[in-house]
Structure formats: C-alpha cells, structure tokens
2 protein chains.
Amino acid sequence: MNRLISCLFLLFSTTTFCQTSDSLIIRKFFDESLVNGKSYHWLGEICSTIGPRVSGSPQAEMAVNYLKKELDQLSLDSVYLQEVMVPHWVRGKKESAYYLMGKEKKTVAICALGGSIATPPQGLKALVVEVHNYEELKALGKENVQGKIVFMNHPMKLEYVSTFEAYGEAAGFRWATAMKAAALGALGVVVRSMTLSMDNFPHTGAMGYADTIPKIPACAISTLGAEALSKAIKENNNLEFYFYQSSAILPDTLSHNVIGEIRGTELPNEVIVIGGHVDAWDLGQGAHDDGAGIVETMEVVRLFKRLNLHPKRTIRFVGFMNEENGGKGGEVYAKQAKLKGEITIAAIESDEGGFTPRGFSFNGDSLQTEFVKKSKELFYPYGLNQWGKGYGGSDINHLEDQGTLLIGFMPDSQRYFEVHHAATDTFDKVSRRELEMSAASMAGLVYMLSEYGIK
Amino acid sequence: MNRLISCLFLLFSTTTFCQTSDSLIIRKFFDESLVNGKSYHWLGEICSTIGPRVSGSPQAEMAVNYLKKELDQLSLDSVYLQEVMVPHWVRGKKESAYYLMGKEKKTVAICALGGSIATPPQGLKALVVEVHNYEELKALGKENVQGKIVFMNHPMKLEYVSTFEAYGEAAGFRWATAMKAAALGALGVVVRSMTLSMDNFPHTGAMGYADTIPKIPACAISTLGAEALSKAIKENNNLEFYFYQSSAILPDTLSHNVIGEIRGTELPNEVIVIGGHVDAWDLGQGAHDDGAGIVETMEVVRLFKRLNLHPKRTIRFVGFMNEENGGKGGEVYAKQAKLKGEITIAAIESDEGGFTPRGFSFNGDSLQTEFVKKSKELFYPYGLNQWGKGYGGSDINHLEDQGTLLIGFMPDSQRYFEVHHAATDTFDKVSRRELEMSAASMAGLVYMLSEYGIK
C-alpha cells in the first residue's frame, strides 16, 4: 500500500459526525487518549515490570499497590483498597508430559489447570482414553475409565464468528471433565487447550472439584499436542500417558480490590462502575486478560480529570481481584455496595482483551431505552457498530440483583484466544492504538451515563 | 476472562441472520475459510520461505512462480502470467546515520527511501535543518538550505481515527521533500517515518525525483530517531548529520502479473477482478503489505472452486506486480483489458493489511445502487458494518476510465502503520482468523457481484 493521495474515508473522518456537545466531548476523549493516553504505559508496567498476577501471589499485591499509587496521582475524590479473601493456588514446578510410542517418550506441552491438585511426586502414568464430549465419556463407563487418564479432546469451533461463542461452547469441558471422569474412577485428566490456534502453547484456566467426588489432577495440553496424542491413540488403543505437576492449593489469602472515584456533582449517590480484573493467570503477563481492561478503565477516570469534566453522577473505577479463580473481588464489591445502600445504576466491564473497540453488550431490555438509542450513533464514527443484548462481565455480574444495568465492553474478538490464559499473553501482543481507542470508547459511554442516566 | 457460561452474542451468532440462499452461501465461505482455509499457509510460504519481494528482485519472481504453481492446483479455467517491465531499485548495503554531539556520534536508525539514489561512497555529512512542512521549508529559503541536509519532521496525526487518513495527510512529505529541498540546494533529506508508533524501526516507501531538479539522496528515520534529532537540533542549531546509503536504480526488468480465473457460466464477458500486489518492500517480509491481500484474494477463487460454485460472471484473481514503486502491473493489466475489449464490471483490491474485516469502500455513487443496498446487510453478522464512499486501490485504479466499479476492501486500520514498509511487517504479525475472515468477506461480495452485477 503506497497510497499518496489522501483517501476519502469520509465515514471515519474526524469532521463528519454531528457536532453536538456530546459528540464534541466524545471526540475529546479520543483525542486525549490517542495523543496523550496513559493506558499503554500503565500496561507496560503491569506486564513487564510486575508480570503475572495470580490471586494470592506477591505480584498480585504489587499490582494492587502500583494501581493505587497511580490512582493517587490522578486527583480523584477518593482512592482506597477493599479487602478480599482470595483462593491461593500455585503452579509449582514446570510441568512435563509424554506418551509412549514403544519405548520412545513423545513429549507434549501441558500445564496444570488452575485449581488442580498435583500428580503424585513421581508423576502419574496410566493408560489414556480419548473422548470428545460427556456423552462419549458416559458411554465408555466405569469399566473403560477406571484407573485411566481421560483425554478430553473437544476443539473450539473454528467456524463461529464470535470467538466468545466458541469459547462458551467448549470451556465447560475444562471446568468439569475432572469431576465427571473422577466419578467414573479416572486417575487424571488431560484437556485440549481452549484456543482456536494450532500451536504448542498450553492454555490454563479454572477447573472445579466437587466435595463428593475424588479430586484428580487435571492439565491442559497444547492443540498440537492434542492432535499428536489423538493420532497416537488411534494407532495404539493401549497407549500410556504420563504427566507431572506439583500445583497446590494454599490457604486463602488477604488481597484487595482497588477503587478510585470521581464524585458526581448532582447525583453523587448514583454510581457508575467501570473496571476490569487485576489478577491474571501466571503463564504469560496477563496483558490482554486483563491488564488491558484495568488500564483502559483507569484511563477513563484519568480522561475525565484531564479534560476537567465534572460528571453529574459518581464514576468509580474498580480493579477487581480474583476474577480468574473464584470471583471473590466481584462478590465482595457487590456485597459492600448493598450494605452501604448504594445505587449502582450501571457497570461496565472490560474483560475481552485490548483490541479494537466494536461495541457494547447490555443485559435486560436496555437496548430499547432512550439512553442506548441516543448514545449509539455517537460512536459509529469510531467504528463501534455492535450494540447488542448480552452478558456484562463476571465481576460486575454480582450486581445483577441490585438492578444495575450491566454492560460488557466488546472489542474485536478474533485474536483473543490466540493468547488467552497462555504464555503468549504478553505486552508485545497489545497494540497501543487499539487500547487507547477502547479507553476512549468507554469514557464516552460513561459520560453519556453520567449525563443522562440509564432511562 | 473466565467465562464458563455460554455468552449470548446474538448479533454475531451463526444462526440468527436471515436464511436466504445468498446468506447461506456467504456462511459457507466463512465456514470453509475458517475451517479449511489456505490463505494462512500460502502467506507463510510467501513471507517465510520467499521473503521480501521488491520489483525486479529474484524473490519477486520466485513469488510469481509460487503463486502460479498454487493457482495451477486449483482447477481454474485459466492461469497465466502477464509480462510487465518494472523499475528495479536495490537498497544496497545496510545504511547508517548519526548526528554529532560535540565529538560524540549519536547513531540513529535510518533506511533509504525507495527509489532514492545513494549518498557518496563515504556518506554525506552536512549541517541539518529541521522543518515540519513545505511552508517552513520555503520560508527558510535557499540561503538557509543550500549545502545542507533537510530533516522533514512531520508526524502522522495520532488523533485521526482512520490511520489511512493520517497517512494520506503525511505521506506526500515522503514522496516530494527531496524534490522541494533539492530545488533550494539541499544535499540530502531525512524524512520522519510514516508510522503512528514510537519505536526504532525506519519505514521505507516510494519517493520521487523530477527531471529538472538535481537528484539527492533521501532516507527515512525512525520516530525515536526523529525525536532525538529534533531535540539535538533545538540544543545546537549548527548540528551536523551524517548518513550513508548505497541504494541504486538498475535498468528496468521483466516481471509479471499473475492471473487465474473462473469463467462465468452466463456472462463470461463480464469480468470481476480481485487482487492485491505481489511485490513488497524489502525491510520485512511484506506480510500485511501485501502478502495478505494476495493470499486473501487467491483464497476467494479457491473458495468458489471448493464449494463447487459456478459464477454467472467471470471471476479473475490478479496478483499485480510493482504496486510499491511504479504501479506498472496495474497499468499493464488495465491497458491489456482495454485492448481486448473486456468489460470489467468491478474490481476489488485488498491492500490495507490482513486485519479483521470492517467493510468496503466504493467509488462513484455506487453506494446508492440496489446491489450495495442488497449486499451490505448480508455482511453485518460478520462485523462488516462500514460501507462507504472511497478509494478502490492503486492497482485497480488504472481501470477507472473503463467504467469499472472500484471497491476497496477495508480491514481494521489501527495496527497497519505499526508495520507498514518496515522490518516489522512479518508473518508473525498476521492473525490467521483475521486473514480468513477477510478472504471470506471478499468471496461473499464477489459472489453477490457475480450473481447480480453492479446495478
């Protein structure tokens, strides 16, 4: 592309949208975020200086303190931490795994799933059986599962246009296969990584146990590893698989949500929450999940201050702790809000990566409100065309029974599962402009909420 | 993001769009491209195996032959090469540059601009003057420019939402500063790289000379280099700058456009052209510019064959040669089409990178046609919401006087100028899904064109 003649991208021109005062303020959010934005700098610190931030880890608390320090410099009306007791899971030593082809050990890339127990210290070696769903597992029955390792090879569906839809269809297998397999006497489970890529990075993520079923170790295998293992099983239905992990569940630990707010000038009791989650899985740096969401929403409050805007309603940034493996931060926040009798009119969560903004999803019937109708056209010039009904986010979801309008920020979804919960989720995978566009988009919607409420 | 409950992204669901036969065929393009697509594989070969493909280089011909070989395997109705004489510029040895702080040489990252002559063999050292636009250059006048190096430090505008708009505003300075400065007696020019990133990668690109003005060497400096140089000039207005490059303009060379077509079943004389350009600048691998455009549009013809579709009109893939520094491929193609009396009803060019598809731009008044009105809603479920008036592309633009509807494919623009014409434009910067979504989008539009024409 060597286009020297200025292109007439009139749709996206900086000058063609309707010049109301609302649109001018939204334009200022974009100008400031794109020209002087702080989100990318903050993300670099969180990712490169601090690194991964599993709940209960020292890095998680370093991130809490760093965010508080940065918020303290924004001249907000108040900045504080909120105590949260969180699960404390640790990965332990580097995992290893192989299957046996005759006497040859064919290594494959695995990682312990978040929340999993360890294998025995010498690792776990057993015959492996492959299934693709629970029906196949059930059909195998106890006689074919007992004493074996279950390999759940359920690929995410490539043909889904929304990668979150593909994730939603598949991720339950990561959560529940250990329970279902243990109930049939399995000794361990290997779950195909939740990604649409074909590569050698295992993707971790939360898995669950039930009190009434034995706990067995569970790991994720890379997609290339899953393909190789599946092929080997087809060639040898008495294939042995070995894996080793030393992960452990430690006692619950004290951690914090990080909160910073601008008090509303006219309706301070009406609160608009914006946030993401501070914690992140430990394989990468938690750049897209969810460093991006944190720095974008912190940028929202910075933009209000920087542009000297005085919102009618209270705007509150919340950096939630423990989204990944327990959701305790969201739970505590919602409980405290209820105890204080706060009216949280709306909450926006950014937890789908730091990609080009595409729109927002709204719970309930709010798509039909005047607020949404009035707002959405203001964002078309910035490419936010997708205003749909949908999920808000797992942190803010705890506010559902308080009548809060729950809004999910929707960036483009195509790249998210390349990096999600994997070693590839690093700062270099984030585009500065995509992050800044996202921050400005949310600032714009928060402005509309603070000016007009949700009616 | 640890969402276990399937999300209700109804807008993007695979099942909610209107089930007409057109929409079903478009859905099949996406299914096939996302599940069995070849575009990413082809791109890997072009980028990693062959590499950069400057017009006239051995790699450019290797790419021509590789593409022909791949097209030959698609069972098209005809595959052939079209001869094109192209300019042949070579970069020569690695460039170097520094400015002097006292006796200390402060090195900065530069590269020769495409088409530039070399410096003298020992390099060029002279006082440097900074300007930000032509008005400042003119105001300096001959007395302040003669015998010096001109540093054109015009940043692309960060606040523009469309990065192509920002490029359009700035890229003329890359093309013409050498001419304007030489007319005032300058010995060389240094142009700030055309990028919105702040990093140490110089971005090349075409520059021009005029027959009546002395030719002087021109290079691009990285944005970090430009910032440092600008600061140094502010501290010392007698700053000396040195640069060395050994680039050369060789005699024009025989090269080729690569063409493959599916003959229309009902109106074979009505041709729909789709393509990108085979050549690429030499610093990276030409992955986004324009390997992506080539493999996406090759995938379009593969998808038609794979789905056993028999288009009413002729669909012709054209891999244009020499877009970057001469446009000879586009020129020859259009000339030959005219000589043969062909009716090219429409042409689609993909030359804005392999990113998530956002829409199409149309020349003339075609946005008002029934064809466009009927088509666009079919693409909303795939996130193509941006249907605007605009430029088609510099290769297909040569068809303008043949009454051809010129259509520019528009992927998301935020990341393009991070890599454009720089060493960073490599295969690993391309997301497989984004590429495949783009290929399917164009296949869908080509299908609508082949079924209904452009009325």
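1. Let's start with Asn308(B), which counts as exposed, with 6 C-beta neighbours inside 10 Å. Here a residue is called buried if 20 or more other C-beta atoms lie within 10 Å of its own, exposed if 12 or fewer, and partly exposed in between, with C-beta atoms placed from the backbone. Asn308(B) sits in the loop between α8 and β12 (313-320) of chain B. Its backbone is worth a look: Asn308(B) has a positive phi of about 55° although it is not a glycine. Most residues other than glycine have a negative phi.

2. A word on what you are viewing: this is a predicted model, in which local features need pLDDT of at least 70 and side-chain atom pairs count only at pLDDT 80 or more, while totals for chains, interfaces and linings use all residues. Residues are numbered from 1 along each chain as its sequence is written, and chains are lettered from A and ligands numbered from 1 in the order in which they are written.

3. Asn308(A) lies in the loop between α8 and β12 of chain A, and its phi is positive, about 55°, although it is not a glycine. Asn308(A) is exposed, with 6 other C-beta atoms within 10 Å.

4. Now for chain A as a whole. It has 12 helices and 16 strands; helices (H or I, at least four residues) and strands (E, at least two) are DSSP runs, numbered from the N terminus. The radius of gyration of chain A is 23 Å, close to the 23 Å that the globule rule gives for 455 residues, so the chain is as compact as a globular protein of that length. That radius is taken over C-alpha atoms, and the rule is 2.2 Å times the number of residues to the power 0.38. Along its principal axes, the C-alpha trace of chain A spans about 70 × 55 × 40 Å.

5. How much of chain A is buried? Buried residues make up 61% of its 455 residues. Two residues are in contact if their C-beta atoms, placed from the backbone, lie within 7 Å. Among contacts in chain A between residues at least 6 apart in sequence, 83% join residues at least 24 apart.

6. Next, please find the open sheet of eight strands in chain A, ordered β1-β10-β12-β11-β13-β16-β14-β15, with mixed pairing. Its edge strands are β1 (78-90) and β15 (386-389) of chain A, each pairing on one side only. From one strand to the next, the twist averages 20°. Two strands pair if DSSP finds at least two bridges between them. β1(A) and β10 (residues 248-262) of chain A pair in the antiparallel sense over 12 bridges, and His88(A) stands opposite Leu250(A) in β10(A).

7. Which helices pack on this sheet? Helix α8 (residues 287-306) of chain A packs on it, touching β10, β11 (267-277) and β12 (313-320) of chain A, and its direction makes about 150° with that of β11(A). Helix α12 (residues 432-452) of chain A also packs on the sheet, touching β11, β12, β13 (343-349), β14 (357-362) and β16 (405-411) of chain A, at about 160° to the direction of β11(A). Axes are lines fitted to C-alpha atoms, for helices over the stretch in contact, and angles run from 0 to 180 degrees between N-to-C directions.

8. In chain B, a cis peptide bond joins Asp289(B) and Asp290(B), where omega is about 5°. Most peptide bonds are trans.

9. Four bridges join β2 (residues 96-101) and β3 (residues 104-107) of chain B, which run antiparallel. Tyr98(B) has Thr107(B) in β3(B) as its bridge partner. The hairpin has two residues between the strands, and Gly102(B) takes a positive phi near 60°.

10. To finish, look at two helices of chain B. The axes of α1 (residues 21-36) and α12 (residues 432-452) of chain B come within 8 Å and cross at roughly 150°. They are therefore roughly antiparallel to each other (angles under 35 degrees count as roughly parallel, over 145 as roughly antiparallel, 65 to 115 as roughly perpendicular and the rest as oblique). Residues making the contact include Phe29(B) and Phe30(B) of α1(B) and Ala439(B) and Tyr447(B) of α12(B).
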